[in-house]
Amino acid sequence: MVTLYGSFPAFGLPHASPFVMKTEVQLKMAEIPYHLERGAPADGPKRKIPYIAEAEHKIGDSTFIRDHIEKAYHLDLDRGLTPEMRARSWAIERMLEDHLYWAIVYFRWMDEANFAAGPAHFFDTLPRELREDAADEARRAVACNLLGQGLGHHSPAEVADLGSRSIAALANLLGNKPYLMGPAYAAIDATAFAMLAAATAPVFSSPLKDFAQRCSNLMAYQNRLMREFYPCHAARQAA
Ligand SMILES: N[C@@H](CCC(=O)N[C@@H](CS)C(=O)NCC(=O)O)C(=O)O
């Protein structure tokens with residue numbers, strides 16, 4: 001049995017981490033039974049979540065986890081896709097994971113109100129006198145990561161502009177198809193769904209969320225995938 005070490009419901013989403021949501025949706029697409037545990041990045045082989053454990057092995061990074069499940073269970077989440085569609089999927093995945101994700105992180109962590117409404121609560125279980133320092137230290141580490149990645153050097157308006165270009169590209173790539181590659185879902189839909197859900201998470205306000213919410217095809221797609229893969233969460237949201 002696969003154990004998925006991941007995050008927890010937060011920010012009005014099934015998971016705080018879009019990478020955990022991507023992997024969980026890919027496990028559901030693959031119809032592989034799994035057990036979900038809360039994981040600490042420091043315990044993972046890549047010092048990030050998600051990671052999975054199966055028998056003696058621990059595998060980290062959502063892309064390598066997908067590779068592992070496809071090989072171990074002899075399946076292909078992109079079956080039926082042409083080489084050109086697979087190449088397009090990879091390009092979309094990199095845009096979402098290595099670009100849009102960081103714009104989402106920027107607005108979650110660097111915006112005062114969003115930080116207070118979201119990431120600051122990661123430290124709620126610490127003794128009261130330690131919380132503020134721990135939150136400040138984590139925030140400084142995220143600011144450093146954003147500088148290393150590059151987006152941290154830009155103003156909020158510039159990050160909003162760049163991130164919105166990725167969302168607009170995704171909206172145009174989806175067009176009026178049910179899924180990114182056509183009538184049936186493929187692995188890339190797990191990433192796109194998870195990143196869109198993260199960009200529009202209920203507890204945050206951001207220009208990315210405003211932009212995404214104006215893309216009606218993306219919102220219909222996100223809501224459909226939420227009903228398909230997280231029916232209980234979708235029903236709670238609708239109530
Ligand atoms: N490339 C990784 C990215 C995973 C990732 O960035 N996870 C974040 C949570 S969304 C994390 O563990 N951050 C904690 C840290 O960097 O200390 C993947 O695809 O799994």
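In this predicted model, helices α3 and α5 cross in a left-handed manner. The angle between α3 and helix α5 (residues 128–149) is about 145°, and their axes lie 11 Å apart.

**Helix α3 against α5**
- From α3, the contact draws on Trp 102, Val 105, Tyr 106 and Trp 109.
- From α5, Arg 139, Val 142, Leu 146 and Gln 149 take part.
- By class, the contact of α3 with α5 has six nonpolar residues, one polar and one charged.

**Helix α3 against α7**
- Helix α3 (residues 83–109) also packs with helix α7 (residues 187–199), at an angle of about 20°. The axes of α3 and α7 are 10 Å apart.
- An angle under 35 degrees counts as roughly parallel, so α3 is roughly parallel to α7.
- The crossing of α3 past α7 is left-handed.
- On the α3 side, the contact is made by Ser 89, Ile 92, Glu 93, Leu 96, Glu 97, Leu 100, Tyr 101 and Ile 104.
- On the α7 side, Ala 187, Ile 188, Thr 191, Ala 192, Met 195, Ala 198 and Ala 199 complete the contact.
- Eleven of the residues in the contact of α3 with α7 are nonpolar, two are polar and two are charged.

**Helix α7 against α9**
- Helix α9 (residues 216–229) packs with α7 at an angle of about 105°. The axes of α7 and α9 are 10 Å apart.
- Angles of 65 to 115 degrees count as roughly perpendicular, so α7 and α9 are roughly perpendicular to each other.
- Asp 189, Phe 193, Leu 196 and Ala 197 of α7 meet Leu 218, Gln 222 and Leu 225 of α9.
- The contact of α7 with α9 comprises five nonpolar residues, one polar and one charged.

**The sheet**
- Four strands form an open sheet in the order β2-β1-β3-β4. The pairing is mixed.
- The edge strands are β2 (34–38) and β4. Each has a single partner strand, so one side of each is left without a neighbour in the sheet.
- From one strand to the next, the twist averages 25°.
- β1 and β2 run parallel and are joined by five bridges. Gly 6 has Arg 38 in β2 as its bridge partner.
- Helix α1 (residues 18–30) packs on the sheet and touches β1 and β2. The direction of α1 makes about 160° with that of β1.
- Strand β1 (residues 2–6) pairs with strand β3 (residues 51–54) in the antiparallel sense, over three bridges. Tyr 5 stands opposite Tyr 51 in β3.
- Strand β4 (residues 57–60) pairs with β3 in the antiparallel sense, over four bridges. Glu 54 stands opposite His 57 in β4.
- A hairpin is formed by β3 and β4, with two residues between them. In the turn, Ala 55 has a positive phi of about 50°.

**Around the ligand**
- Which residues are around the ligand? They are Ser 17, Phe 19, Pro 41, Lys 48, Ile 49, Pro 50, Asp 61, Ser 62 and Thr 63.
- The shell around the ligand divides into four nonpolar, three polar and two charged residues.

Note on methods:
Residues are numbered from 1 along each chain as its sequence is written. This is a predicted model: local features need pLDDT of at least 70, side-chain atom pairs count only at pLDDT 80 or more; totals for chains, interfaces and linings use all residues. A residue is near a molecule or strand if its C-beta atom, placed from the backbone, lies within 6 Å of it. Ala, Val, Leu, Ile, Met, Phe, Trp, Tyr, Cys and Pro count as nonpolar, Asp, Glu, Lys and Arg as charged, and the others, Gly among them, as polar. Axes are lines fitted to C-alpha atoms, for helices over the stretch in contact, and angles run from 0 to 180 degrees between N-to-C directions. Angles under 35 degrees count as roughly parallel, over 145 as roughly antiparallel, 65 to 115 as roughly perpendicular and the rest as oblique. A crossing is left-handed if the near helix is turned anticlockwise from the far one by less than a right angle, and right-handed if clockwise. Two residues are in contact if their C-beta atoms, placed from the backbone, lie within 7 Å. Two strands pair if DSSP finds at least two bridges between them.
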